[in-house]
There are 2 protein chains.
Amino acid sequence: MTESLDRATFDPMAYVAEQARAVERALESLLPPEGDDPATIHRAMRYSALGGGKRLRGVLAVAACRAAGGAEEKALPLAAALEMIHAYSLVHDDLPAMDDDDMRRGKPTTHKVFGEGMAVLAGDALLTHAFWVLGRLPRLAGVSAGTALAVIEELTDAAGTMGLIGGQVADLEAEGRTDVTVDHLRSIHLRKTGALFRACVRCGALLAGAGPETLQSLTDYADAFGLAFQIADDILDVTGDPQALGKRPGRDSERAKATYPALVGLEEARRMARQAAAAAREAVAGLPSPGRDVLAALADFAVGRDR
Amino acid sequence: MTESLDRATFDPMAYVAEQARAVERALESLLPPEGDDPATIHRAMRYSALGGGKRLRGVLAVAACRAAGGAEEKALPLAAALEMIHAYSLVHDDLPAMDDDDMRRGKPTTHKVFGEGMAVLAGDALLTHAFWVLGRLPRLAGVSAGTALAVIEELTDAAGTMGLIGGQVADLEAEGRTDVTVDHLRSIHLRKTGALFRACVRCGALLAGAGPETLQSLTDYADAFGLAFQIADDILDVTGDPQALGKRPGRDSERAKATYPALVGLEEARRMARQAAAAAREAVAGLPSPGRDVLAALADFAVGRDR
């Protein structure tokens, strides 16, 4: 870690990959051990959360903590909790009653392996366990009870009906509709993925004791990042390689879901994604290095990825 | 409230009913308004959580707060959060992939009215919103950030795989098994309902700043209460009136679920329930009135109820 932060040799992409591994290790150590009773649910939780994820949310939190002047390590338990919340939302989203997906991150979805009842419970358990971790942030991350509660406030807004869950509802309700506009699509994504991205960087920065100006820059960054990420996600569903993607592309159009390529065409969607990534880099240009470089690299990664 | 606490005229059962109404009002005011966008999920949350519940968990928290020297009002936001967690667990438990129940609290279950996908999301939203409330306890209940976090620690243990969710898993896995013993059944219920009852009284007492001795008495009370409640629940599934119960009885035996009446017979089950209620009363005999009287009344209610 020290080495990768040396100014002369600093490689943002290597740093991102390194932090993704650190987030994976934190997740691994903070999830209940597989052998602990009741073993089935612990296996289902670990199956759903470990292996294969890009860890973008966790790395965003870690990088934002760093960009706000804190050590990466301080944000690792938070990063793990964020990835648990993300994993829970995927497990429930993949259920037959929702998107009915069979593959995720290159392996069969949780309900395909453990059954629907256990998948519902595994999602519930991942969400609950995220708050288990957050409730213990003073011990796990050396922050005050007040800071831990501020993080919980941010995250319960982001994960609730005004954020993540609200986005799922709007998504469910927009399916098959032919009158969805770019503005409407943007408002769905602001909730479905944007709110959690915003909470990732804001909570990471809160752990570092960031002031209002830094928080504002990071919030602007997160909003542009979220847009870039989502457009890229829609593009990948059209152009992506199933092997790299770890899931079957083309699912959006099968379900007649509104997407950026469907609404504005592939080329314009690509231009919009690049523009949003540039706006994200711009938002953090005033923050100190290497924090801002890492955040810039993450924005580039969000639009340049193949999965 | 003042009147019902007058020693000469104190009526524990009237007090319990009064506090149940106060919990219902707190729940009503802390759930997102029905008209707020996205309206469907807010309607589903309110449909699932409001109306018809006994509010036993909320009243336990309020009564424990009082028994530990705090004002009832202080525990109302906590009580609402506990009822949200209880409601979420019922919504998910009733899903076709779990217990597949059509009726609950005298009305069609959430998935029957809103569809399965929305019921999964409504449960998720109720759980998330419970933590939304708990994260704001300093503002809502005038407690310190440290106390709010202590409550979150208790509740995430109680609601997780060592508690509520673990009990659901064990319940799912024990279905149809013929080798379940009374000890095994007790261990399922300790998690499925016992852990949350325990958290109700412990968290209520934490808000009042209870010391270790009071916490221990209340923990012993909760464990005995939970046993009494569960045996009574099993008995009601055999002898209950569908109208009063608000759901169809006989579901346990249809699903070949292990129950106390099935394992030890109806008469012995009734004796065990009365014995557990007596143990609950005994555990809080050393606490001041009227707190202990209310808790004693609740234990009597748990075994004497018809729903």
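Which residues of α15(A) are buried? I noted first that I am working from a predicted model. Then I listed the buried residues: A269(A), A273(A), A276(A), A277(A), A280(A), R281(A) and A283(A). I looked down the axis of α15(A) next. The buried residues fall within an arc of 165°, so they line one face of the helix.

I looked up what that face meets.

Core entry. I found 219 residues in the largest nonpolar core. Those with the most contacts inside it are A61 and A228 of chain A, and A61 and A228 of chain B. I followed up A61(B). Leaving out residues up to four places away in sequence, A61(B) touches A75(B), L78(B), A79(B), L82(B), C200(B), V201(B), C203(B) and G204(B).

Chain contact entry. I recorded 40 residues of chain B in contact with 40 residues of chain A. On the chain B side, the elements that give two or more residues are α2 (39-49), α6 (116-135), α8 (145-159) and α9 (164-174). Which element gives the largest share? That is α6(B), with twelve residues. By class, I noted 22 nonpolar, 13 polar and five charged residues on the side of chain B that touches chain A.

Definitions and conventions: Residues numbered from 1 in each chain as written. Chains lettered and ligands numbered in written order. Predicted model: local features only at pLDDT ≥ 70, side-chain atom pairs only at ≥ 80, totals over all residues. Core = buried A, V, L, I, M, F, W, Y, C linked by C-beta atoms within 7 Å. Buried ≥ 20, exposed ≤ 12 C-beta atoms within 10 Å, placed from the backbone. Contact = placed C-beta atoms within 7 Å. Helix = DSSP H or I, 4+ residues; strand = E, 2+ residues; numbered from the N terminus. Arc of directions from axis to C-beta. Nonpolar A, V, L, I, M, F, W, Y, C, P; charged D, E, K, R; others polar.
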